[in-house]
Amino acid sequence: MKKAGILNRHLAGALAELGHGDRVLVCDVGMPIPRGPRVVDLAFRAGVPSFTEVLDGLLDELVVGGATAAKEVRDANPEVSALLDTRFPDLELVSHERLKELTADARLVVRTGEARPYANVLLRCGVFF
């Protein structure tokens, strides 16, 4: 049994299968999830677990080479916008519609319980060497 890190067996297993260049969508409860990517749904109740908790847990375990979010986050959710800026200095911003298109190629979707708008980010896996 693991004693640290991500304890959810479905999420830990999905993370172990990721490779360089794979995309991972971390999303709120309202984000449409396309058919295709593996989905690990962590949502329990509105706000639980939060986008921040899940994102930070993932960042502790993944090498991230880039991140993309919806530009609408800037006006609609300043708190998440600021969080993304601190985690990803080179954050790419696209329209929400474009972000939804990009998620079709994601390898993994991690759905949080976040109930604030535009709390979504598409991560591109990097390599540790």
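Predicted model: local features only at pLDDT ≥ 70, side-chain atom pairs only at ≥ 80, totals over all residues.

Me: Let's start with Arg-74. Is Arg-74 buried, exposed or partly exposed?

Reply: Arg-74 is partly exposed, because its relative accessible area is 31%. The cut-offs are these: buried is under 20% relative accessible area, exposed is over 50%, and partly exposed is in between (1.4 Å probe, protein chains only).

Me: Ok! Which residue does Arg-74 form a salt bridge with?

Reply: Asp-85, with the closest N and O atoms 3.0 Å apart. That pair links distant parts of the chain, 11 residues apart: Arg-74 sits in helix α3 (residues 73-76) and Asp-85 in helix α4 (residues 78-87). A salt bridge here is a side-chain nitrogen of Lys or Arg within 4 Å of a carboxyl oxygen of Asp or Glu. Helices (H or I, at least four residues) and strands (E, at least two) are DSSP runs, numbered from the N terminus.

Me: And how accessible is Asp-85?

Reply: Asp-85 has 35% relative accessibility, so Asp-85 counts as partly exposed.

Me: How many salt bridges are there in the whole structure?

Reply: A search of the whole structure finds nine. One of them joins the side chains of Asp-22 and Arg-107, at 2.9 Å from N to O. Those two are 85 residues apart, with Asp-22 in the loop between α1 (9-16) and β1 (23-27) and Arg-107 in the loop between α5 (96-102) and β5 (108-111).

Me: Is Asp-22 buried or exposed? What about Arg-107?

Reply: Asp-22 is buried, because its relative accessible area is 18%. Arg-107 is partly exposed, at 39%.

Me: New topic: pockets. What's the volume of the largest pocket?

Reply: About 170 Å³. Among the residues lining that pocket are Leu-15, His-20, Glu-61, Val-63, Val-127 and Phe-128. A pocket is an open set of points on a 1 Å grid over the protein atoms alone, where a 1.4 Å probe fits, with protein on both sides within 12 Å along at least five of seven lines; lining residues have an atom within 4 Å of a point. Grid points are joined across faces, edges and corners, and the volume is the space filled by probe spheres set on the points.

Me: Last one, the backbone. Which peptide bond is cis, with omega near -10°?

Reply: The one from Val-48 to Pro-49. Pro-49 is in the loop between β2 (38-41) and α2 (51-59). Tyr-118, in the loop between β5 and β6, has a positive phi, near 60°. For context, most residues other than glycine have a negative phi, and most peptide bonds are trans.

Notes:
Residues numbered from 1 in each chain as written. Heavy atoms only, no water.
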